[in-house]
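Trainee: Before we discuss the model, could you set out the terms and then take my questions in turn?

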Amino acid sequence: MNATQWMEDLQKNISDLIARSPAADLERNVRAMMAQGFSRLDLVTREEFDVQADLLARTVARADQLAAQVTQLEARINALEAAQAKAAPAAPAAAATSAGSAIQG
């Protein structure tokens, strides 16, 4: 009898012994009690958790994308407002110059 066969026989004998002993009943009772306790808790399956984690990751990525887009739009608005502010003082000065030349002329 080689070592592998001896280990397999030992494992089979121990499994048979446990299956016929009160330990098997105890294991079934503990499993049932744990399953009942877990069913009372507000738990989700691993699959549901993974789906929600993926959804959250996509939502965060989209929020980051939208934040970058808002930043770009704010920069464009600020540039346009600065250009208008530069152009606005030049327009009254030009109007005053043409009005002054009309009076002199």
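Mentor: Let me begin with exposure: a residue is buried under 20% relative accessible area, exposed over 50% and partly exposed in between, with a 1.4 Å probe and protein chains only. This is a predicted model, in which local features need pLDDT of at least 70 and side-chain atom pairs count only at pLDDT 80 or more, while totals for chains, interfaces and linings use all residues. Residues are numbered from 1 along each chain as its sequence is written, and side-chain values use heavy atoms, with hydrogens and water left out.

Trainee: In which helix of the protein chain is confidence highest?

Mentor: pLDDT is the predictor's confidence in each residue, from 0 to 100, and its mean over the protein chain is 82, with 82% of the residues reaching 70 or more. Helices (H or I, at least four residues) and strands (E, at least two) are DSSP runs numbered from the N terminus, and the protein chain has three helices and zero strands. Confidence is lowest in helix α1 (residues 3-20), at a mean of 78, whereas the highest mean, 85, belongs to helix α3 (residues 46-104).

Trainee: What percentage of the residues of the protein chain count as buried?

Mentor: By the Shrake-Rupley method with a 1.4 Å probe, where for residues only the protein chains shown count as cover, the accessible surface of the protein chain comes to about 9500 Å², and carbon and sulfur atoms account for 62% of that surface. Of the 105 residues, the share that counts as buried is 2%.

Trainee: Which residues form the nonpolar patch on the surface?

Mentor: Patches are made of residues with over 30% relative accessible area and no salt bridge, like charges being joined within 9 Å and nonpolar side chains (Val, Leu, Ile, Met, Phe, Trp, Tyr) within 5 Å. M34, in helix α2 (residues 22-40), is partly exposed at 43%. With about 580 Å² of accessible area together, the members of the patch are L26, V30, M34, F38, L41 and L43.

Key. A salt bridge is a side-chain nitrogen of Lys or Arg within 4 Å of a carboxyl oxygen of Asp or Glu.
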